[in-house]
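Keep the display open while reading.

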Amino acid sequence: MKGTVKSTGRCEAIAAVVAVVGGLLLAGFPALGQGAPIKIGTVFAVTGPASSLGKPEKDTATMLQSQLSSAGGIGGRPVQIITYDSESDPTKAVLLMKKAVTEDNAIAVVGGTTSPESQAMADYAMQADVPFMSVAASTTLSVPSRAWVFQMPQRNSIAAAKAMEYLVAIHARTFAFLYRNDDFGQDGLVAMRAFARQHGMTIVDTEPFAATDTDLSAQVARARVHNPDVMVVWSTPPTASIAAKNIRQLGMRVPILESHGIANKAFIQLAGPAAEGVVFPAGKLLVANQLPPEDPQRALLLKYARDFEAANHYTANTFGGHAYDGITMLVDAIRHVGPDRARIREYLEHLRGFIGTGGIFNMSPQDHNGLTTRDMVLVVIHNGDWKIWKP
Amino acid sequence: MVSLLPQLILTGLTVGSIYALVALGFVLIYNVTGILNFAQGEFSMLGALLCATLLGWHLSLPLAALVAVAAVCLIGAAMERLTIEPAFGSHPLTLIIITFGVSMAFRGLSLMIWGADPYTLPEFTPGPALQLLGGVLVRQAMWAIGLSIAVVLGLFLFFSRSVPGAAVRACADNAFACRLLGISPRRMSLVAFTLSAGLGAVAGIVIAPITGATYDMGLSLGLKGFVAAVIGGLTNAPAAVVGGYLVGLIESLTTGYLTPGYSGAITFLVLLLVLVIQREGLLHAAQRRQA
């Protein structure tokens, strides 16, 4: 009997040591003794099909954690950014968000790399009354606006409107629309249909494809039959690159317009020479050093890119930028109103003139995205690099 | 007006050649060990990514490809020795689940080593796509198609003309009798894994210029290759190649003439039909009736 008690005691001691050491490791050794840390939860698709977006998002969170730690947290209180990997799975994403909120007691959550993940997390945010900063671009995330949900990327309809500016500028009358058959592609299709009608353009053909397709020449061949003025592709690499390659391989010489989903170097690497001349709408990060000196975002964009590239072995991209905006916006809110969910929400909803990597955010109760087409630029790929497109 | 059909057929052949190469790896291991190796797609992934890394170290393409294939052969052998051999004699289902676990481990490790960004390899013979019968065929697809035929011929010669090949076949037929004759089924299993890892790596390197290479490419490749192998009956290399081209053609023709986006569903529907009508695969059955 005595022996059992003793061994239980030892077990408890071991458990306590493990818990303390584990806690320290997880927390990345925060400065001790300045009150409980303020926790921000992040859930990104670090692995799985959306990992080329989720990885830079997580790496940005890690970078901000070390910056916040060395700056001594917010008002003397340490800040802890908890990072979880959703594996690109909406169910896992929402479970991890729940874990961050109920177990870790996170004050707010940033994440939802893909739109399906963000949709599920937004629903939970509304149930649990937790501020949620979505890094996905689906239009339905901020239209209509929901009390606890804020959207960091330029929503798809804004990107589509920017893309339309290109079609208008080159006087296109017809175009074919190739899109990835999921939330992202369909969102683009709906928006492009509406804008085409407004501008009197005709969509001569729409061709869906799957994210795992390895060849799209069948779709391109179908579109080619209709002789479109422009080929518009709405997807992310690798399919976005395969589409561009197939279009050129099949001998089509018309301009190619793609979506903001190709705003990383992977597109150029995979598409090779076919990437040349492709135009797409993007946040200003890609062309930060080409912006005029008076651009209010220029300094921030250059700093983000410099810091990110110093901490990681690859180029900064807009996806990491969305995570940056979500986290820094929350930090700004906490600094002003303290770690209180309702007051953070209230503050974010009326945030105006906030300079982020995605643009200058002007939030309102009706608009929880707060960005416009002015926050995007049209970019053309020239000699394997990004250039601001000029008509 | 340009006719669709020639292009759809050429697209089907391009995609089919990719599936055919992966299907061959499945058949090779299944023939010898009676298990399905779900890490087969991962061998292709490792081959392509290793080759991309070696190219980054300024090796020439042929040398980089050679080193990458050799390295993946070693990985395949190590996988057999470390995970399959210790469980030798277990139920095939156990072994299949082991290969599944290994594939997940490979994927996870590759994510850590190469990250999530896609890599690409240059085309072996760069140049404009070939005009053929009113459609175009990417040059790299010619390599993939040629390779799938060459590998079938090579395997045929190996199995029917060489002593080790005969030993491998004998093991598949009757492992007990083989042991009596002094042929070790365990060694044959090692040979099968090494060969099929090399085959997978070659496939990965050949298709990377067309599709790009990512740490998670193995999963969908493996799945489609598996479907192709099953349609071909799992034991017959030429039939598996035909199965691969069949799946490729079904996909491109569905995309071209029916609603695009349903090609995956229709491919698996065909697989179900094949399994319901003839459990051992369509082509396998036809051949058996002939015999």
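**Helix packing in chain B**

In chain B, helix H9 (residues 217-231) packs against helix H11 (residues 263-277) at an angle of about 30°, and the two axes are 10 Å apart. Because of that angle, H9(B) counts as roughly parallel to H11(B), the limit for that term being under 35 degrees. The model is a predicted one. From the side of H9(B), the contact is made by B:Val227, B:Val230 and B:Ile231, and from H11(B) by B:Thr267, B:Leu271 and B:Val274. Sorted by class, the contact of H9(B) with H11(B) comprises five nonpolar residues, one polar residue and no charged ones. The crossing of H9(B) and H11(B) is left-handed.

The next pair is described in the same terms. Two packed helices are described by the angle between their axes and by the distance between those axes. For helix H1 (residues 5-33) and helix H5 (residues 139-161) of chain B, the angle is about 35° and the axes are 9 Å apart. The crossing of H1(B) with H5(B) is left-handed. H1(B) contributes B:Leu13, B:Thr14, B:Ser17, B:Ile18, B:Ala20, B:Leu21 and B:Leu24 to the contact, while H5(B) contributes B:Ala141, B:Ala144, B:Ile145, B:Leu147, B:Ser148 and B:Val151. In this contact of H1(B) with H5(B) there are 10 nonpolar and three polar residues, and no charged ones.

How are helix H6 (residues 163-173) of chain B and H8(B) packed? Their angle is about 115°, with the axes 10 Å apart. H6(B) and H8(B) are therefore roughly perpendicular to each other, a term that covers angles of 65 to 115 degrees. The crossing of H6(B) and H8(B) is left-handed. Here the residues in contact are B:Pro164, B:Ala167, B:Val168 and B:Cys171 of H6(B), together with B:Pro185, B:Met188, B:Val191 and B:Ala192 of H8(B). The contact of H6(B) with H8(B) consists of eight nonpolar residues, with no polar and no charged ones.

**Where the chains meet**

The contact takes 30 residues from chain B and 31 residues from chain A. On the side of chain B that touches chain A, at least two residues each come from H1, helix H8 (185-211) and helix H10 (237-257) of chain B. Which helix gives the most to that side of chain B? H1(B) does, with six residues. The side of chain B that touches chain A has 14 nonpolar, 14 polar and two charged residues.

**Two domains in chain A**

Chain A is divided into two domains: domain 1 takes in 38-155 + 301-372, and domain 2 takes in 157-287 + 376-388. The C-alpha centres of domain 1 and domain 2 of chain A are 28 Å apart. Their contact takes 21 residues from domain 1 of chain A and 18 residues from domain 2 of chain A. Helix H4 (115-128), helix H10 (298-311) and helix H11 (318-337) of chain A each supply at least two residues of the side of domain 1 that touches domain 2. That side of domain 1 of chain A has seven nonpolar, 13 polar and one charged residue.

**Strands in chain A**

Strands of a sheet pair through backbone hydrogen bonds, either parallel or antiparallel. Chain A has an open sheet of five strands with parallel pairing, in the order E2-E1-E3-E4-E5. Strand E2 (79-85) and strand E5 (149-151) of chain A are the edge strands, each of which pairs on one side only. From one strand to the next, the twist averages 20°. Within chain A, strand E3 (residues 108-111) and strand E4 (residues 132-134) run parallel and are joined by three bridges. A:Phe132 in E4(A) is the bridge partner of A:Val109. Helix H3 (residues 90-102) of chain A packs on this sheet, where it touches strand E1 (38-44), E2 and E3 of chain A, and its direction makes about 175° with that of E1(A).

Another strand pair in chain A is antiparallel: strand E13 (residues 376-382) is joined to strand E14 (residues 385-388) by four bridges. A:Lys387 in E14(A) stands opposite A:Val380. The hairpin of E13(A) and E14(A) has two residues between the strands, and in it A:Asn383 takes a positive phi near 50°.

How values were computed: Residues numbered from 1 in each chain as written. Chains lettered and ligands numbered in written order. Predicted model: local features only at pLDDT ≥ 70, side-chain atom pairs only at ≥ 80, totals over all residues. Pairing = 2+ DSSP bridges. Axes fitted to C-alpha atoms, helices over the stretch in contact; angles between N-to-C directions. Contact = placed C-beta atoms within 7 Å. Domains from an automatic or database assignment. Nonpolar A, V, L, I, M, F, W, Y, C, P; charged D, E, K, R; others polar. Parallel < 35°, antiparallel > 145°, perpendicular 65-115°, else oblique. Left-handed = near helix turned anticlockwise from the far one by under 90°.
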